[in-house]
Amino acid sequence: MTKVADTARGVLQGENADELKHYYYQMLLLRRFEERTSEMYVKAKIGGYCHLNLGEEATIVGLMAALKPEDYIFTNYREHGYILARGVPPGSIMAELFGKEGGVAHGRGGSMHLFDAEKHFMGGYAIVGGQVPLATGAAYALKYQGKPGVVVAQMGDATTNIGAFYESLNLAKLWQLPVLFFVVNNGYGMGTSVAMGSSEPDLWKKGASFRIHGEQIDGTDVLVVRDAVRRLRERAEKEGEPAILDLISFRFRGHSVIDADRYRDPEFVRKGRETNDPLRNFAALLHEHEIIDDAWLKATAERVDKEVQEAIDFANASPEPQYEDLFAFMYATQVPNTPGPEDALRAVKINRGEA
Ligand SMILES: Cc1ncc(C[n+]2csc(CCOP(=O)(O)OP(=O)(O)O)c2C)c(N)n1
């Protein structure tokens with residue numbers, strides 16, 4: 001087990017400038033998408049729960065830069081950025097948040113249940129820890145079927161206190177499964193800090209009794225994240241060695257869009273945003289190496305703003321799901337007693353007290 005504390009990256013030797021610029025663009029896309037999502041929530045375009053990735057952009061873009069198309073991703077409910085960075089069009093993601101038919105799950109899932117089978121994005125899960133055994137099972141399936149690729153089980157820090165996490169660690173190592181436990185350690189599970197909720201605050205050590213390798217890295221540095229995932233992904237695929245990656249990051253806002261964040265000192269939050277901003281830090285690095293200039297930053301911001309506005313326009317224009325489709329998409333395959341459109345309309349009438 002090693003603790004990788006190297007966050008300083010003075011040089012960008014061997015890096016491809018276009019790739020670096022693309023990482024910045026992707027992180028900005030996530031940032032603006034989430035900021036506008038928050039705005040749409042306040043405008044009541046989005047209902048239900050809604051959790052943002054603000055401050056966690058480097059963990060997401062770094063992860064996606066290291067993954068291959070054959071890999072699978074399971075996440076918690078804080079997943080808008082993951083499916084975006086995996087290459088799903090922003091419009092169909094925003095439409096899903098709006099509960100519209102043009103959404104990735106036809107508006108049936110919403111913010112916490114984004115899904116895209118083609119991109120191997122196996123969904124956001126609302127039950128804390130729910131995704132972890134599923135991801136482990138998917139890794140078992142890959143191994144059993146002799147298929148290439150690895151599975152990522154993304155989760156928050158507090159999820160490492162859930163029983164299902166330990167059951168998954170046990171089987172992952174016992175059966176040598178190609179799975180990466182990707183812990184976005186933003187320091188809080190809702191309003192409870194890691195120190196208050198976990199008897200072992202070094203989350204990367206939690207695999208020790210299962211003989212699972214763990215590392216802690218700077219989750220605000222997109223290149224550190226990418227390189228760590230590349231390395232651990234390779235081990236998982238070639239040697240069947242699971243690993244825990246503990247990514248230290250900073251949650252810019254409250255737990256969800258409706259959380260006023262009263263349990264964190266405003267000064268702590270202000271300082272945290274200032275020093276741990278993955279975009280600001282990465283832009284400064286690229287500037288310093290003369291890879292970007294102010295004109296490029298301005299043009300990229302305009303491009304991103306336009307793309308996010310187009311996503312909102314797409315979501316607004318997308319039709320509402322129809323009542324008779326209430327039971328559509330319930331089963332992957334037809335079952336004899338699948339309710340049809342008439343059952344759906346009857347259910348709607350009963351609900352309205354009309355039948
Ligand atoms: C089994 C279960 N218990 C409690 C909750 C309520 N809940 C929702 S999110 C959350 C905190 C999880 O924090 P963490 O794993 O750190 O993820 P983050 O929100 O920081 O991404 C809790 C307790 C839940 N959804 N499921």
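For sorting residues by class, Ala, Val, Leu, Ile, Met, Phe, Trp, Tyr, Cys and Pro count as nonpolar, Asp, Glu, Lys and Arg as charged, and the others, Gly among them, as polar. On that basis, the shell around the ligand has seven nonpolar, six polar and two charged residues. The shell holds 15 residues, and the closest are V128, G156, A158, T159 and G189; a residue counts as near when its C-beta atom, placed from the backbone, lies within 6 Å of the molecule. Strands β3 and β5 (188–189) are the elements that each give two or more residues to this shell.

This is a predicted model, where local features need pLDDT of at least 70, side-chain atom pairs count only at pLDDT 80 or more, and totals for chains, interfaces and linings use all residues. Residues are numbered from 1 along each chain as its sequence is written.

Now for the sheet. Six strands line up as an open sheet in the order β2-β1-β3-β4-β8-β7, with parallel pairing. Strands here are DSSP runs of E with at least two residues, helices are runs of H or I with at least four, and both are numbered from the N terminus; two strands pair if DSSP finds at least two bridges between them. β2 (121–125) and β7 (213–218) sit at the edges with a single partner strand each, so one side of each has no neighbour in the sheet. From one strand to the next, the twist averages 15 degrees.

What about β4? Seven of its seven residues are buried, so β4 is largely enclosed by the rest of the structure; buried means that 20 or more other C-beta atoms lie within 10 Å of a residue's own, exposed means 12 or fewer, and partly exposed is in between, with C-beta atoms placed from the backbone. V179, F181, V183 and N185 point one way from β4, while L180, F182 and V184 point the other way. In a regular strand, side chains alternate between the two faces of the sheet. β4 pairs with β3 in the parallel sense over six bridges, and L180 in β4 has V152 standing opposite.

Finally, E19 belongs to helix α1 (residues 17–42). Is E19 buried or exposed? E19 counts as exposed because it has 10 C-beta neighbours inside 10 Å.

Notes: Axes are lines fitted to C-alpha atoms, for helices over the stretch in contact, and angles run from 0 to 180 degrees between N-to-C directions.
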